[in-house]
Amino acid sequence: MGSYDQLNMTALERLDLWDKTRLEALMPINILLFLCAAVGVFGNGVVIYIYGLRLYKQHAGRYFIPYLAVADLLAVVLSVEHHTVSNFYPVTNKLERLCKWNYMAAFFATVFSVGILLIIAVQRYLKVCKPFGGQMTLFWRRFALSLCFMFSLALAVTAYFTFGLEKIYNKELNVTGTTCRRLTSSSQTFTLIHSATCTLFVVTEGAALIVLYWKIGKVVFRQRKQNLGESKEKKTNTSLMFMIITIIFLVSFLPRMITSIIEGIKVGLWETLNEKAYATVRMLEVLYIVNNLANPFVYAFMDVKFVSEFKKTIPCRKKIEEVKSLSNS
């Protein structure tokens with residue numbers, strides 16, 4: 001930050017200076033968050049409409065997509081709102097209850113979305129690798145979603161007690177502020193246990209997804225080589241689509257998991273970083289939101305039915321086609 005004449009500044013003025021300096025460093029992240037919110041709401045809204053209302057009955061293999069889109073939409077909105085509020089009050093946050101509820105709500109939606117990915121992987125594994133064995137009936141699909149919902153809620157409730165307002169000290173300005181983040185000084189043991197539990201959940205799920213899609217991938221590529229017909233081709237395309245979605249999840253969550261472990265172990269991690277380093281780490285930390293807005297793009301590139309239905313919903317599409325046909329004739 002440079003050197004400041006602290007003799008001519010009150011503690012409140014130094015705190016305000018620190019807050020404005022950090023807010024300025026975080027402004028690119030806020031712009032990114034607003035873009036993520038716009039793209040995520042529109043993209044997942046389209047997915048909910050297409051898969052939930054137009055393709056729901058025709059394609060049982062895509063049963064979980066509308067639920068995943070709802071979870072992703074909630075995760076985008078709640079995560080963006082939470083991070084934006086925290087960024088606008090980086091060291092002068094007084095909204096403790098809002099901080100806790102924001103963390104809990106965003107945590108629930110994110111975990112629920114991630115949990116649905118595992119359910120989809122199990123469904124794809126049974127359909128591709130065990131086609132003549134027991135499949136996920138409507139009862140078991142609903143049961144899996146309910147179980148995922150309850151687990152996500154339980155994990156989110158614990159977040160209420162491990163996140164909140166924490167005091168932070170700026171040695172250079174000799175001033176203490178408050179920020180919304182993981183509680184590492186007041187309840188370090190409980191926070192570390194919660195962080196380890198969440199990390200174990202992500203690692204376990206990541207490993208399960210890798211194993212399941214590795215098995216699915218071997219069958220898919222073998223079927224593609226054998227060219228087993230149109231129905232098999234559609235099944236392999238759907239599996240590849242979900243494999244790409246899973247890869248995006250694994251990559252986007254990696255930085256968040258690393259910072260989560262480090263901040264749980266090292267008290268005062270964020271205070272050791274200068275403004276540029278702090279903003280860079282924060283940028284990497286919020287990249288997990290990409291997982292909640294990328295899926296519509298994957299569907300657009302890989303699901304022909306989705307693209308076809310989406311085109312039908314475009315306003316004035318018929319008039320445009322008529323104009324094109326008249327111009328060509």
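This is a predicted model: local features need pLDDT of at least 70, side-chain atom pairs count only at pLDDT 80 or more; totals for chains, interfaces and linings use all residues.
Residues are numbered from 1 along each chain as its sequence is written, and side-chain values use heavy atoms, with hydrogens and water left out.

**Salt bridges**

- The structure has five salt bridges (a side-chain nitrogen of Lys or Arg within 4 Å of a carboxyl oxygen of Asp or Glu).
- Glu 285 pairs with Arg 256 at 3.0 Å, N to O. Arg 256 sits in helix α6 (residues 230–265) and Glu 285 in helix α7, so this pair ties together parts 29 residues apart in sequence. (Helices are DSSP runs of H or I with at least four residues, strands are E runs of at least two, and both are numbered from the N terminus.)
- Glu 285 also bridges to Arg 282, with 2.8 Å between the closest N and O atoms. Both lie in helix α7, three residues apart, which is about one turn of the helix.
- Put together, Arg 256, Arg 282 and Glu 285 make up a network of salt bridges.
- Arg 256 counts as buried because its relative accessibility is 10%, and Arg 282 does too, at 8%.
- Glu 275 and Arg 22 form another salt bridge (3.3 Å, N to O). It links distant parts of the chain: Glu 275 is in helix α7 (residues 275–285) and Arg 22 in helix α1, 253 residues apart. Both of these residues are buried.

**A nonpolar patch on the surface**

- Eight names to look for: Met 27, Ile 31, Phe 34, Leu 35, Phe 88, Tyr 89, Leu 95 and Leu 98 form a nonpolar surface patch with about 710 Å² of accessible area together. (Patches use residues with over 30% relative accessible area and no salt bridge; like charges are joined within 9 Å, and nonpolar side chains, meaning Val, Leu, Ile, Met, Phe, Trp and Tyr, within 5 Å. Accessible areas come from the Shrake-Rupley method with a 1.4 Å probe, and for residues only the protein chains shown count as cover.)
- Helix α1 (residues 11–54) gives the largest share of the patch, four residues.
- Leu 35 is found in helix α1, and it counts as exposed because its relative accessibility is 52%.

Definitions and conventions:
Buried means under 20% relative accessible area, exposed over 50%, partly exposed in between (1.4 Å probe, protein chains only).
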